[in-house]
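Hi,

Here is the structure I said I'd pass on. Have a look first, and my notes come after it.

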Amino acid sequence: MTCSDSRVIPETIFSAGLGELFVIRVAGNVIDDHQLGSIEYAAGHLGSPVVVVLGHTHCVQLMQPSTVIRKYIKFITDEIKLAIGDETDDYKACCLNVKRSVALIEHSLDIQQIEEQEG
């Protein structure tokens with residue numbers, strides 16, 4: 001799972017071609033039931049052996065909502081706020097956001113069952 005930001009391209013980072021990675025991209029690199037369902041699908045039905053949560057810096061500052069689209073970006077910024085609290089250091093905020101996503105994935109019952117079956 002990675003941010004929608006085109007500066008971070010998983011296929012390039014992992015030297016993978018088209019179709020070699022199951023990539024889930026969402027602005028702000030936040031996670032909800034849609035992303036969890038996609039991860040469960042990738043792991044359970046496609047046999048993806050590894051889940052990577054790929055964060056990057058300078059994302060949170062770019063997610064400041066404008067008055068025109070605040071209604072929808074607010075869902076993303078609210079999730080980021082839950083992850084980072086009052087942290088202002090960009091690197092630390094990125095790490096906190098990734099850690100929250102990892103924790104949410106780990107608490108997904110289906111992901112735990114898949115890990116136990118394979119482990």
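Below is what turned up, starting with the ground rules.

This is a predicted model, so local features need pLDDT of at least 70 and side-chain atom pairs count only at pLDDT 80 or more, while totals for chains, interfaces and linings use all residues. Residues are numbered from 1 along each chain as its sequence is written, and side-chain values use heavy atoms, with hydrogens and water left out.

Salt bridges (a side-chain nitrogen of Lys or Arg within 4 Å of a carboxyl oxygen of Asp or Glu): the whole structure has 3. D78 and K74 pair up at 3.0 Å, N to O; they sit 4 residues apart in helix 3 (residues 70–84), so about one helical turn separates them. (Helices are DSSP runs of H or I, at least four residues, numbered from the N terminus.) E79 bridges to R100, with the closest N and O atoms 3.3 Å apart. Since E79 is in helix 3 and R100 in helix 4 (residues 90–106), that pair ties together parts 21 residues apart in sequence. K81 and D86 make another salt bridge at 3.0 Å, N to O. D86 is exposed at 68% relative accessible area, whereas K81 is partly exposed at 45%. (Buried is under 20%, exposed over 50%, partly exposed in between, using a 1.4 Å probe and protein chains only.)

The largest one holds about 400 Å³ of space, and of its 19 lining residues, L21, F22, V50, V51 and V52 are the closest to its centre. (On a 1 Å grid over the protein atoms alone, a pocket is an open set of points with protein on both sides within 12 Å along at least five of seven lines, where a 1.4 Å probe fits; lining residues have an atom within 4 Å of a point.) The lining splits into 15 nonpolar, 3 polar and 1 charged, and helix 2 gives the largest share, 3 residues.

There is also a nonpolar surface patch made of I13, F14, L21, V23, V50 and V52, with about 480 Å² of accessible area together. (Patch members have over 30% relative accessible area and no salt bridge, and nonpolar side chains are joined within 5 Å; areas are Shrake-Rupley with a 1.4 Å probe.) V23 lies in the loop between helix 1 (10–13) and helix 2 (33–44).

S15 is exposed at 68%, but N29 is buried at 3%.

Cheers

Key: Patch = residues over 30% accessible without salt bridge, like charges linked within 9 Å, V, L, I, M, F, W, Y side chains within 5 Å. Helix = DSSP H or I, 4+ residues; strand = E, 2+ residues; numbered from the N terminus. Points joined across faces, edges and corners; volume = space filled by probe spheres on them. Nonpolar A, V, L, I, M, F, W, Y, C, P; charged D, E, K, R; others polar.
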